[in-house]
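Open your viewer and keep the selection tool at hand. We will go stop by stop, and each stop says what to select and what is there.

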Amino acid sequence: MTRFRPVWTFALALVLVAVAWELYKVAGPQDGGTVFGWTILPRANDTAMPHVWEMISRYGQPENRASDTPILVVVLRGAWFTFRIALAGLALGAAVGLGLAVLMARYKVVERGLLPYLVLSQTVPLIALAPLVVSWGGRLHIGAFEWPRWLSAAVLGAFLAFFPVAVGTLKGLTSTPPASLELMDSYAASWRQTLFKLRFPAALPYIVPALKLAATASVVGVVVAEISTGLAGGIGRLIIEYAREATSDPAKVFTAVFGAAALGLVLAGIVSLVDLVGMRHRPREATE
Amino acid sequence: MSGGAADGRGNAVEIRGLTKVFNAGRPDAVEALLDIDLIIAPGEFVSLIGPSGCGKSTQLRLIANLTEPTTGEVLVNGKPARSARLDQDYGMAFQQAGLFEWRSVAKNVELPLELKGWDKAGRRARAIEMLELVKLPEFAEHFPWQLSGGMQQRVAIARALAAHPPLLLMDEPFGALDEMTREHMQTELLRICGETSTTVVFVTHSIPEAVFLSTRVVVMSPRPGRITEVIDVDLGTRRGVDTRETARFFAKVTEVREALRGIQPAGVEPDIEQVAEEL
C-alpha cells in the first residue's frame, strides 16, 4: 500500500483545499477585507469564488448555448493540444539544458561566462518575448520547412524549461565524489567515458527533480505563449476566453484553470516514471 | 634502502630522488615528500606506515600517477608512471570501496574492462572469475548497497584486479572495517595475491596489519615525509590466524612500533599514539 501513499495524500490534500475554500466562503468578507483601503482578503462572494460543487458540475454542462458538448470534453481537448506542445517544449528544453550543463561542467570558462546570462534570461518577461519568437519563426524558411505556429509556443515552453535542467544538471555533474573521479583517472578513462559512466549516473538524483520543475515550467510557458500569441486550440486560449465571462459564468474559467494545473501534474508524473525506472536499483535513501 | 629487492628482472616499482612539494613557491608550500628512494620487486608486498602527514598516501598517488612529482622519477614496470597508468598496469583500492551504486556487483567489476574496450562476453566471464576469487559469485546480480562493508571491499578488490594488473595499490582499504572483518580480509588478501602473484603496495596506519601482510614495512616520518627505516618481515607464505600469535609476529610488531616511536611528529599531536594503541 505504501506505493500508493502519494496518491492518497494527494487526494486528501485536494479535499482539504476544497474544505478550506468553502469555509472561507462562509467566514470571509463578501466584498473583500480592506486594511487602510487596500484590499487584502479576497472577496468571498459567488462571483469571485464559486462553490466547489458549482465548478465540478460546470464540467458536465455545455460550453455555451450554441453547443451541446460538455465543457469537460472541451477542456480535455484543449489540454491534449497544450500537452503535446508542452511535451515538445520539455524535450527541447531538457536537451538544451543538458547540453549547456555538460559544456559548463567541461569548461569552467563557459560556466563563468554563461551562467549569469542564463539567470538573466529568466528575468525576461515571457509576454514580451512571445511575439518576437513568433515573428522570428515566421521568417524562417529552411527548404520545405515552414515554422508552424505551435512551435513558437513550444520554444517558449523550452525557454522556461531549460533553466532548471541546466542548473540542476550542472550541480549534479560537479558533485561527483572525488574518490570516484580518481578511480576513473586510475583507469585512464577519457573525459567522455567519465561523463557517461560516472558523472551522468551520479548526477541523476539532481537531474530528475530538475526535470520535474522543467515539466511544470514548460506548461506555464506554453499556456502563456498561447495567450500572448493568440494560438487557438489549447488550454491557454480557453482560460483567456472563459475569463471574459467571469462575471456571468464564474465557474467556467476555473474549469480551464484546473485543466492547466492537471496538465502540469500529468507531465511531472511522466517525469516521475522516468525517475522510477532510472533509480530502480538505487538504495531507498537515495530515491526518497 | 632497496633492501636487496633489486634483482635482474626489472622492478615493479622504482622511485628515485622523489620529492613532492604542494603549493610550491608559495608561502604555504608544504614538503610532502623529500628524497624518497624505494625499489619494489615483483611479487613483494610492501606496506607504507607512518603518522598522519608523513606522505604515505601521497607516495601511493605518485606511483599511481594521480599526481605528478616535483622532482625525481617514478617507474612502474620499468616505464614512467604515466605510461603505466595509461596502460592500466595497476589496480587501485581505497578506504571507501567506492562502488558505483547504479551498477550491479558484476557490472562494477566489469568497469575497468569496459573502459579498456573488452567485449561483453569476455567482461562477464572475467567478472564471474574475479567474484569467485573473492568468494562472492552468488552476489553478481546484487547491488552494492545490499552488501556489507567487508563484502563491498572484496568487490572493490575484484574490480582492482579484474584486468589482471601486475601491481595492486591499496590506500587503507580495510580502515573502515571492524577488527574481525579486517583480520579476515587480510587473510583473504594474502590468498588472492598469492593466487594471482600480484605485487602490492599497501598504505596503512595499523602496525599489526602491516606486519601480518608485508614482506617489507616502510616506516615513514612526517614534515617533510621521509623514509626512516625499512624493516624486512617474513612470516612465511602460509600465514593464518595462528601467525598473529607467534613470537616472531610480536617481535616484528615491536620492531615496527619502535621504529615509529623514534619519529618526532612535527606540529600536530602524534597520530602514532593511536597507532600504537591498536595492539
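**Stop 1: where the chains touch**

Select chain A and chain B together: 16 residues of chain B are in contact with 14 residues of chain A. Contact here means that the C-beta atoms of two residues, placed from the backbone, lie within 7 Å. Now pick helix 2 (81–86) and helix 3 (105–116) of chain B; each supplies at least two residues of the side that touches chain A. Helices are DSSP runs of H or I with at least four residues, strands are runs of E with at least two, and both are numbered from the N terminus. Colour that side of chain B by class: 11 residues are nonpolar, 3 polar and 2 charged. Ala, Val, Leu, Ile, Met, Phe, Trp, Tyr, Cys and Pro count as nonpolar, Asp, Glu, Lys and Arg as charged, and the others, Gly among them, as polar.

A note before moving on. This is a predicted model, in which local features need pLDDT of at least 70 and side-chain atom pairs count only at pLDDT 80 or more, while totals for chains, interfaces and linings use all residues. Residues are numbered from 1 along each chain as its sequence is written, and chains are lettered from A and ligands numbered from 1 in the order in which they are written.

**Stop 2: the sheet of chain B**

Two strands pair if DSSP finds at least two bridges between them.

Zoom in on strand 7 (residues 167–171) and strand 8 (residues 199–204) of chain B. They run parallel, joined by 5 bridges. Find B:Met170, which stands opposite B:Phe202 in strand 8.

**Stop 3: two helices of chain A**

Move to helix 8 (residues 191–229) and helix 9 (residues 235–243) of chain A. Their axes come within 7 Å and cross at roughly 55 degrees. Axes are lines fitted to C-alpha atoms, for helices over the stretch in contact, and angles run from 0 to 180 degrees between N-to-C directions. Show A:Val222 and A:Ile227 of helix 8, which are among the residues that meet helix 9; A:Ile235 and A:Ile240 are among those on the helix 9 side. The residues of this contact divide into 6 nonpolar, 1 polar and 2 charged.
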